[in-house]
Each structure stands twice: as structure tokens, then as C-alpha cells.
Amino acid sequence: MALATGSDPAPFTAADYATRMRRAARAAEEAGLDALLIAPGPDLLWLTGYRPVETERLTLLVLRAGREPVLVVPTLEAPDAAASAGAGALTLRDWTDGQDPYEAAGSLLAPAGRFGISDNAWAMHLLGLHGRHPDARHLALGEALPMLRAVKDAAELERLAAAGAAADAAFEEIRALPFAGRREKEVAADLDTLLRRHGHSQVDFTIVGSGPNGANPHHEARERVIERGDMVVLDFGGLKHGYGSDTTRTVHVGEPTEEERRVHDLVRQAQEAGFRAVRPGAACQDVDRAAREVIDAAGYGEYFIHRTGHGIGVTTHEPPYMIEGEEQPLVPGMCFSVEPGIYLPGRFGVRIEDIVTVTEDGGRRLNRTEREMVLVE
């Protein structure tokens with residue numbers, strides 16, 4: 001499903017955004033919410049195609065079932081809002097400096113309503129709305145509608161597949177470059193360059209954890225010089241065509257020891273088990289359990305110190321999460337990482353990660369690079 005090299009996907013239209021807004025408003029109604037209050041950030045971008053600068057001036061999309069969407073915006077930003085791809089599917093209500101923006105937004109809302117509000121809404125804006133309607137109740141959108149963006153349509157899956165293919169291409173190039181004698185931050189810079197060369201507009205992270213640094217899952221690449229005999233965790237991703245990539249491969253500089261091979265193969269088996277657990281109707285926690293069982297059985301359970309996966313879409317981390325206690329059923333179109341790891345403090349770490357999408361009868365990997373141990377120089 002990946003796009004042909006050099007081609008761009010068709011842009012989303014006002015009709016696409018109208019469909020998303022109707023779906024969101026309907027989901028809110030079914031959840032017992034009177035409206036959704038969407039602040040600048042990934043939710044607003046996904047619903048309208050509009051990405052304003054986040055400032056102290058209130059910008060807020062109000063979605064109510066059976067009512068036309070309304071975007072409250074500062075007057076000086078109204079032209080940009082009107083030029084956004086989804087503007088034709090909503091009404092703009094602007095307010096001017098000196099006016100009360102919470103009056104403009106509050107007049108659209110029931111005084112004692114129950115509202116879902118974007119997780120990243122500024123506290124000052126939430127408090128301003130609450131001051132206008134003190135009897136209203138506000139719930140974080142991640143709590144009230146955590147799966148709002150979780151199920152991707154065909155056009156979104158196409159973008160995610162293209163982002164995954166670009167990350168794969170970056171890995172195939174980085175594995176051919178020298179590692180020994182170079183600093184972690186130099187390899188990280190190469191990964192950044194390669195992701196952008198393969199079409200990423202934004203690079204979110206380039207983790208390069210060599211030797212003992214690989215035992216820190218979110219190690220920030222620094223000055224350490226990579227040596228022969230090091231295991232090196234490479235975890236990198238960002239956005240292409242507005243959708244995320246995120247993949248991890250663990251390579252070895254020169255010949256590994258028997259233990260290093262064994263641990264790497266164990267993580268590979270755990271990652272395969274997690275992938276095999278992906279199917280419609282299975283709970284998110286089933287993916288975590290399947291991967292964790294392999295590592296636990298081998299005696300390394302205490303060294304697998306994070307969840308098995310996270311969702312991905314217009315951000316590189318979003319619901320759903322593959323973790324114990326998450327009973328959300330998997331649905332075709334969901335996309336998330338499967339990334340078990342083993343981290344041996346002071347020695348080395350191993351992680352293997354693919355983005356997987358749920359299909360009608362199982363799962364499909366969006367990353368296709370080799371999962372066996374790769375040797376580099």
C-alpha cells in the first residue's frame with residue numbers, strides 16, 4: 001500500500017474533514033458529552049487540517065451532534081483559518097483583542113454541560129471556560145474518547161505505510177555506514193538526514209544507544225564513541241505526509257558474543273509473538289502479554305521495563321497502548337508499535353520495533369527490514 005517513490009498522496013478535502021467532525025460529534029453524544037472542545041494541536045489538525053500557532057489567544061473548535069461545527073478564532077488569525085483545508089465544513093466565529101473570547105465560546109455551550117476537551121488545552125483556557133460556566137464539567141479527551149483517532153481509513157493507512165517505508169529505507173542506508181570510532185550523536189545526525197532525504201518533514205527522535213547506553217530505552221545520543229563489540233539500539237521516526245514512522249533495530253558492531261546473540265534472538269521471538277497476537281477482537285493487553293510471556297519464560301522479565309506498544313497516526317505516540325490492563329479490543333485500521341526489549345544495566349540493551357496495523361483477519365507489518373541481528377562495521 002506504500003506510495004510509489006517520489007509521489008505524494010492526494011490531499012484531504014473539506015468533505016474528509018466534515019466526515020471526521022461528524023464522527024467525532026456522534027462519538028461524543030454516545031459517550032454522554034454535550035460537546036467536544038478542541039484546542040490547537042493534533043486533534044484540531046486531524047479534524048480540520050488547521051494548525052495554528054499555540055498562543056494565549058483562544059482558538060477552539062466546538063463540535064456538537066446535529067449542529068454545524070464552529071471554530072472560535074482570534075480575528076487576526078481568521079484569514080489563515082479560512083484558508084485551511086477543512087474550513088468549508090465549519091463556521092468561523094472570530095473575536096477581537098479586547099473582547100472576551102470565553103464569552104464567544106461559552107455562548108455555544110450549555111451552562112451545566114459535560115464537555116470533552118483536548119488533553120493539550122492550556123490551563124488558562126480551560127479555567128477561562130470554567131469561569132464562564134462554573135457548573136460545567138470538563139473531561140480530558142484522552143479519558144472520554146481515547147480511541148477518537150485510533151482507527152485509520154485507507155488514506156491514512158497509505159500515509160503510515162509510506163512513512164514506514166521511508167524509515168526502512170533510512171535503516172538500510174545507515175547500516176552500511178561506519179559505526180566504530182564514531183560518536184553516537186554523529187550516527188543520530190545521519191539518521192535525521194536520511195529520514196528527511198526519504199521524505200520526512202519532521203524528525204521526532206533519533207535514539208542511538210551504544211554499549212551500556214542501550215540499556216536506557218530513551219537514551220539521548222551523546223558524545224560516547226561507539227566501539228567494536230558494542231550492541232547499538234537505533235530507534236528513530238517522525239512525520240511524512242503528516243503521519244508517523246517509528247521503528248527500532250538493534251545492530252552489533254563486529255561479532256557478538258553468544259549471550260548477545262541469545263538475548264537478541266529472544267527479543268526477536270517476543271516481537272514475533274506480540275505480532276502474532278494481533279487480530280480483531282483481541283484486547284490491547286493480549287499483545288503485551290504475548291510478548292512479555294516469551295521474555296518472562298526465559299528469565300529476563302525484570303529487564304523488560306516498558307509497555308509493548310503505542311498507537312501512531314498524526315503523532316508518533318497516541319492511543320491505543322499495548323499494556324497490561326488495557327482491555328480495548330483491537331479493530332481493523334488501528335495502527336500501533338510492537339516493541340519489546342531487554343535492558344541489562346551497565347551492559348547492553350536490545351529492542352526490536354515494527355508498526356503494525358490490524359487487518360480483517362490478523363495484522364500487517366508496516367516495517368519490513370530484517371529483524372535478525374544485523375552486523376555493522
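The points below take up the cysteines and then the largest pocket.

This is a predicted model, in which local features need pLDDT of at least 70 and side-chain atom pairs count only at pLDDT 80 or more, while totals for chains, interfaces and linings use all residues. Residues are numbered from 1 along each chain as its sequence is written, and side-chain values use heavy atoms, with hydrogens and water left out.

**Cysteines**

- The structure holds zero disulfides, a disulfide being a pair of cysteine sulfur atoms within 2.5 Å.
- Cysteine 284 is in no disulfide, and the nearest cysteine sulfur, that of cysteine 335, is 12 Å away, which is too far for a bond.
- Cysteine 284 counts as buried because its relative accessibility is 0%, where buried means under 20% relative accessible area (1.4 Å probe, protein chains only).
- Cysteine 335 also counts as buried, at 0% relative accessibility.

**Largest pocket**

- The largest pocket has a volume of about 300 Å³, the volume being the space filled by probe spheres set on grid points that are joined across faces, edges and corners.
- A pocket is here an open set of points, on a 1 Å grid over the protein atoms alone, where a 1.4 Å probe fits, with protein on both sides within 12 Å along at least five of seven lines; lining residues have an atom within 4 Å of a point.
- Of the 17 lining residues, Asp43, Asp119, Arg149, Glu318 and Pro319 are the closest to the centre of the largest pocket.
- Helix H2 (42–48), helix H6 (141–144) and strand E12 (318–322) are the elements that give two or more residues to this lining, helices being DSSP runs (H or I) of at least four residues and strands (E) of at least two, numbered from the N terminus.
- The largest share of the lining, three residues, comes from E12.

Methods:
Buried < 20%, exposed > 50% of the residue type's maximum accessible area, 1.4 Å probe, protein only.
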